Amino acid sequence: MIKGTNITYSHKNFPILNEINLTVEFGEFLAIVGPNGAGKSTLLSVLANEISIVNPKDVLFKEKEFKQWNLKDLAHNKAKFSQHNPAEITLVVKDVVMMGRYPYFHSTPSQVDFLAVDESMSETDVTHLKDREYNTLSGGEKQRVHLARVLAQLKNDIHQKLMFLDEPLNNLDVKHQYKALQTLKDFTKKENSAIVVMHDLNLAAQFADRILLMKNGKVVSHGKPEEVFEEKTISDTYNFPCAICKHPLTKNPMIIFGN
Ligand SMILES: Nc1ncnc2c1ncn2[C@@H]1O[C@H](COP(=O)(O)OP(=O)(O)OP(=O)(O)O)[C@@H](O)[C@H]1O
């Protein structure tokens with residue numbers, strides 16, 4: 001689906017990413033984790049073609065460089081949920097979600113676009129807010145509106161799509177964190193893929209197929225949750241003690257930080 005080879009990136013001579021290799025397969029949910037400043041968001045931006053790298057051949061999406069893609073096709077095949085959105089958007093909620101459909105129509109949305117918006121608002125539980133001014137929403141509600149917008153962008157008949165999400169769980173309460181992750185899991189079960197930057201290691205262990213653990217712009221470990229979530233690796237990477245046991249219900253690794 002997407003392949004990164006020796007991805008190296010510096011900003012004004014400040015090295016941020018150092019020879020990162022990764023492959024995300026069709027149907028895979030990859031969680032990128034690691035301490036603050038590890039380079040997670042930068043890596044996601046490089047993979048999503050938001051930041052240019054010296055050698056564009058280092059990132060191949062569906063075996064093509066991004067510059068080989070038609071922009072409209074690209075917008076139908078991949079979407080990104082960003083950590084930072086404009087503070088002010090003077091639209092009502094359903095129109096913000098409709099922004100995700102802009103790659104599909106010129107001036108007037110079709111029934112298909114309205115349906116995609118309705119479905120996405122239902123998936124992130126914002127249907128009851130659809131006529132509210134976006135600017136009056138709470139932080140978590142705004143976050144769910146943007147998630148709906150990104151989901152709406154990829155509602156089409158194309159197979160094997162890719163969603164990038166940078167800390168999508170910020171500001172969400174527990175129920176909505178689980179609902180968002182379940183929606184992403186359902187998306188990946190249909191041969192689509194998701195690359196998600198997240199801080200909650202236990203949620204990553206529960207939902208991700210594979211984990212990419214980063215520190216100082218490098219990959220520390222990459223593999224299944226039970227391979228990556230190992231006591232010494234995690235406490236060394238975060239420079240904080242932890243214990244790891246099996247979750248009593250899910251049997252996934254459960255990380256408990258602190259002494
Ligand atoms: N435009 C920039 N100019 C200078 N330094 C930058 C720039 N962008 C990122 N950095 C630095 O690169 C490093 C990686 O940043 P990045 O945002 O990718 O980390 P992160 O792992 O996503 O962190 P966090 O968990 O705090 O969101 C940080 O030290 C950051 O300060």
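**View 1. Helix α1 lies across β1, β2 and β4, running at about 60° to β2.** Contact here means heavy atoms within 4.5 Å. Axes are lines fitted to C-alpha atoms, for helices over the stretch in contact, and angles run from 0 to 180 degrees between N-to-C directions. Helices (H or I, at least four residues) and strands (E, at least two) are DSSP runs, numbered from the N terminus. The model is predicted: local features need pLDDT of at least 70, side-chain atom pairs count only at pLDDT 80 or more, and totals for chains, interfaces and linings use all residues. Residues are numbered from 1 along each chain as its sequence is written, and side-chain values use heavy atoms, with hydrogens and water left out.

**View 2. Strands β2, β1 and β4 form an open sheet in the order β2-β1-β4, with antiparallel pairing.** β2 and β4 (59–61) are at the edges, each with a single partner strand, so one side of each has no neighbour in the sheet. From one strand to the next, the twist averages 20°. Two strands pair if DSSP finds at least two bridges between them. Strand β1 (residues 2–11) is joined to β2 by seven bridges. H11 has F14 in β2 as its bridge partner.

**View 3. The ligand is surrounded by 13 residues, the closest being G37, G39, K40, S41 and T42.** A residue is near a molecule if one of its heavy atoms lies within 4 Å of it. A polar backbone atom of G39 is 2.9 Å from an oxygen atom of the ligand. An N or O atom in the side chain of K40 is 2.7 Å from a ligand oxygen atom, and for a polar side-chain atom of S41 the distance to an oxygen atom of the ligand is 2.9 Å. The protein covers 61% of the 630 Å² of accessible area that the ligand has on its own (Shrake-Rupley method, 1.4 Å probe). β2 (14–24) and α1 (40–47) are the elements that give two or more residues to the shell; α1 gives the most, with three residues.

**View 4. Six strands form an open sheet in the order β5-β6-β7-β3-β8-β9, with mixed pairing.** The edge strands, β5 (78–81) and β9 (218–223), each pair on one side only. The twist averages 15° from one strand to the next. Strands β3 (residues 29–33) and β8 (residues 210–215) run parallel and are joined by four bridges. L30 stands opposite R210 in β8.

**View 5. Helix α9 (residues 231–238) lies across β3, β8 and β9.** The helix α9 runs at about 40° to β8.

Definitions and conventions:
Polar contact = N/O pair within 3.5 Å; in protein donor to acceptor, adjacent residues only side chain to side chain.
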